[in-house]
Amino acid sequence: MDCDSMQMAITEENQSTERKECGRRGRKPGRKSSSEKVDVKAKLERSRQSARECRARKKLRYQYLEELVADREKAVIALRAELERFMQCDRRLDEVASPNDIDQLLKDIGILKQETFT
């Protein structure tokens with residue numbers, strides 16, 4: 001049995017050395033062929049092109065957002081002017097006493113259309 005155990009130990013030793021050699025996979029550092037150097041240059045150029053495109057998209061996105069903000073600011077200004085107009089109408093309505101004056105005031109500001117009877 002001693003021979004069998006010795007043979008198993010030798011077999012295990014051979015397997016462990018094989019595993020250590022197989023443990024390193026992938027590229028070896030410092031060993032680049034000329035085709036790999038060309039690939040690296042191409043990869044760098046693709047990366048630069050991608051960065052240029054990304055900056056262009058970013059610029060367009062900011063321009064779109066600035067236009068959107070400008071449009072919203074114009075809308076806010078228009079709504080504030082309309083609100084001010086309605087507040088003035090409300091003040092005038094509070095001052096007017098008779099219903100005929102109210103109708104005339106509403107016609108003047110364009111809220112109430114003149115009715116025509118034919």
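Let's start with a charge over a ring. The charged end of arginine 85 sits over the ring of phenylalanine 86. The distance to the ring centre is 5.3 Å. Keep in mind that this is a predicted model.

What about aromatic pairs? The count there is zero.

Now the fold. The chain has three helices and zero strands. Read from the N terminus, the order is α-α-α. Helix α2 covers residues 34-95. Helix α1 covers residues 2-22.

How confident is the predictor? The average pLDDT for the chain is 77. Of the residues, 60% score at least 70.

On to the salt bridges. How many are there? The count is three.

Take glutamate 45. Its side chain meets arginine 48 in a salt bridge, at 3.7 Å from N to O. Both residues lie in helix α2. They are three residues apart, about one turn of the helix. Glutamate 45 also meets arginine 52 in a salt bridge. There the N to O distance is 3.2 Å. Put together, Glu45, Arg48 and Arg52 are linked in a network of salt bridges.

Are these three buried, exposed or partly exposed? Start with glutamate 45. Its relative accessibility is 39%, so it counts as partly exposed. Arginine 48 has a relative accessible area of 45%, so it is partly exposed too. For arginine 52 the value is 39%, and again that makes it partly exposed. The cut-offs behind those calls are under 20% for buried and over 50% for exposed.

Next, glutamate 84 and arginine 91. These two form a salt bridge, with the closest N and O atoms 3.9 Å apart. The cut-off is 4 Å, so this pair counts. Glutamate 84 has 34% relative accessibility, so it is classed as partly exposed. Arginine 91 comes in at 43%, so it is partly exposed as well.

Last, the chain as a whole. There are 118 residues, and buried ones make up 3% of them. The accessible surface is about 11800 Å². Carbon and sulfur atoms account for 54% of that surface.

To recap. We have three helices. We have three salt bridges. Glu45, Arg48 and Arg52 form a network. And arginine 85 has its charged end over the ring of phenylalanine 86.

Terms used
Residues numbered from 1 in each chain as written. Predicted model: local features only at pLDDT ≥ 70, side-chain atom pairs only at ≥ 80, totals over all residues. Heavy atoms only, no water. Helix = DSSP H or I, 4+ residues; strand = E, 2+ residues; numbered from the N terminus. Buried < 20%, exposed > 50% of the residue type's maximum accessible area, 1.4 Å probe, protein only. Areas by Shrake-Rupley, 256 points an atom, 1.4 Å probe, with all protein chains shown as cover. pLDDT = per-residue confidence, 0-100. Phe/Tyr/Trp six-rings, centres within 6.5 Å; stacked < 30°, edge-to-face > 60°. Lys NZ or Arg CZ within 6 Å of the ring centre and 35° of its normal.
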